[in-house]
Amino acid sequence: MSSDIVSFEPATGGELWRSPAGDVDAAVERARRAWPEWAAQPLATRIELCRRFANEVRKQADAFAELIARETGKPLWEAHTEVETVIKKVDISVTAYAERTGQKKLDSALQGTAAVRHKPHGVMAVLGPYNFPAHLPNGHIVPALIAGNVVVFKPSEKTPAVGEFLVECFHRAGITDAVVQLLVGGPDEGKALVAHRGVDGVLFTGSAQAGIAINRKLATSPGKIVALEMGGNNPIVAMDTPKVSDAATLVIQSAFTSAGQRCTAARRLIVKDSMYDALVGEVKALASRIVVDEPFADPAPFMGPVIDNQAADQLMESFLYLLSNGGKAIRHMTRPDDDLPFLSPAIIDTTAMAERPDVELFGPLLQVIRVADLDEGIAEANNTRFGLSASLIGGTPQDYNRFWANIRAGIVNWNRPTNGASSAAPFGGIGLSGNHRPAAYYAADYCAYPVASTEMDQPRASPGVGFRDA
Ligand SMILES: NC(=O)c1ccc[n+]([C@@H]2O[C@H](COP(=O)([O-])OP(=O)(O)OC[C@H]3O[C@@H](n4cnc5c(N)ncnc54)[C@H](O)[C@@H]3O)[C@@H](O)[C@H]2O)c1
Ligand SMILES: O=CCC[C@H](NC(=O)CCC(=O)O)C(=O)O
């Protein structure tokens, strides 16, 4: 018998929400029964219901943002931006469905009509992370529904209250609670859902560790579509620029927005020797001005706590590991209260480390690596098994062309942060960051499969060669 799923407010440690884990078999069976009717609805009806969902979210925007801020610890202003992306996802997904999975027909007098159309897969399991508990699962759920799938959504065990709120908005919009179901649970329920024979697809956002476990589990189930959106060890490479202050701001935004809890956060500032003193000095000065506080504080903080004490402990340990293995602290990681997961933004020069661990340190911890030139910078940036996002700061258009051509990542930017990716573009990485099924605008691709047909309204055929005369 599994125990309750309980979520806590990171900023206070107080209990926020509690419920027993859900029944995986019952949820999948219910979804299977609901699928034929949902898939048979005209596309226009499914779109209309999703638009009503967006309206419901808009009506509840303040309450939703407040809950996101409480359950994740992110500042209220940032939680509001998450709610906005949830709303905007509907229009973007409608356009994406039409553009990427629309119908195509080619008429030919001899062969009839050649048509390409798309069909939904069936029951989609959506597994969500805690850092964007509404926006990222929603980025799978909405395209899946538009394409005609039904959804069993298991939110992160750390953010079930936001998951529940999101699902209730679908229900209030008139999408039944069999078409979008909430499944409360942790990794055990996640594993059971992934392996369930009634599930046709798994749309996962989370750590590389869990994504790899899912990939392994489904190695003998080629019939299930699997989209894995995982983490990164993202580089921001700084070459020469006279705009040091802007460059430093981009570095700070890349590394420390959401307390560094973004898959696209910059983990490594790779900086050309000639820029090192000026840029790192400015980044350090700006980092020391960052306000870290609880989500509703006035003045508003730049960042809140990390998700829980366990995450804070691991980040402190990682900082100390880097420090005791050749790293030089530029700005120490501090934790004012051992009982709460508030961390100060930390910066450490790891140039002298013989072996830098190629892991995702999911928090406000930026490593700095000094390089001689762009070629060394690109080589260092590619020195990772991940490949989600990468930015070049400064340099010339020729430098950016070289960077773009040689960097291994699904998102490559110039004089822009590594994070803050657009929902109107594909969003995904290579290596340990994803399995070549990018989300956001390209989510339409994995929510439906193409069916090719040739069609005539009457049987018409000639026997062809190799027949004797009748
Ligand atoms: N690429 C992206 O789009 C993207 C976006 C946001 C977050 N992330 C990544 O997510 C991570 C942070 O989120 P998290 O800690 O909640 O991730 P996580 O991997 O711990 O959990 C994600 C979800 O998977 C479930 N789960 C865990 N193990 C499972 C298993 N073996 N089988 C099935 N389900 C399992 C969890 O219960 C949760 O719902 C970071 O690594 C971050 O980079 C990636
Ligand atoms: O934490 C990971 C995602 C962060 C965010 N990316 C997106 O919002 C992608 C767009 C989408 O999925 O619609 C970022 O890059 O900051």
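## Helix α3

Ala61, Phe64, Ala65, Leu67, Ile68, Ala69, Glu71 and Thr72 are the buried residues of helix α3 in this predicted model. These buried residues pack against strands β1 (4-8) and β2 (15-20) and against helices α2 (43-59), α4 (76-101) and α6 (160-172).

The helix covers residues 61-72, 12 residues in total, and extends 16 Å from its first C-alpha to its last, close to the 16 Å expected at 1.5 Å a residue. Gly73 follows α3 and has a positive phi, near 90°.

## Aromatic pairs

Across the whole structure, a search finds 4 aromatic pairs. In one of them, the ring centres of Phe53 and Phe170 are 3.7 Å apart and the planes lie at 0°, so the pair is stacked. Because Phe53 belongs to helix α2 and Phe170 to helix α6, the pair ties together parts that are 117 residues apart in sequence. Phe53 is buried, with a relative accessible area of 0%, and Phe170 likewise counts as buried at 0% relative accessibility.

Tyr400 and Trp414 also form a stacked aromatic pair, with 5.0 Å from centre to centre and 5° between the planes. This pair links distant parts of the chain, 14 residues apart: Tyr400 is in helix α13 (residues 397-406) and Trp414 in strand β16 (residues 411-414). Tyr400 has 17% relative accessibility and therefore counts as buried, whereas Trp414, at 28%, counts as partly exposed.

## Charges over rings

The charged end of Arg100 sits over the ring of Tyr442, at 3.4 Å from the ring centre. Arg370 lies over the face of Tyr276, 3.8 Å from the centre of that ring.

Conventions:
Residues are numbered from 1 along each chain as its sequence is written. Chains are lettered from A and ligands numbered from 1 in the order in which they are written. This is a predicted model: local features need pLDDT of at least 70, side-chain atom pairs count only at pLDDT 80 or more; totals for chains, interfaces and linings use all residues. Side-chain values use heavy atoms; hydrogens and water are left out. Helices (H or I, at least four residues) and strands (E, at least two) are DSSP runs, numbered from the N terminus. The expected span of a helix is 1.5 Å times one less than its number of residues. Buried means under 20% relative accessible area, exposed over 50%, partly exposed in between (1.4 Å probe, protein chains only). Contact means heavy atoms within 4.5 Å. Rings of Phe, Tyr and Trp (its six-membered ring) pair if their centres lie within 6.5 Å; planes under 30 degrees apart count as stacked, over 60 as edge-to-face and the rest as tilted. A charge sits over a ring if NZ of Lys or CZ of Arg is within 6 Å of the ring centre and within 35 degrees of the ring normal.
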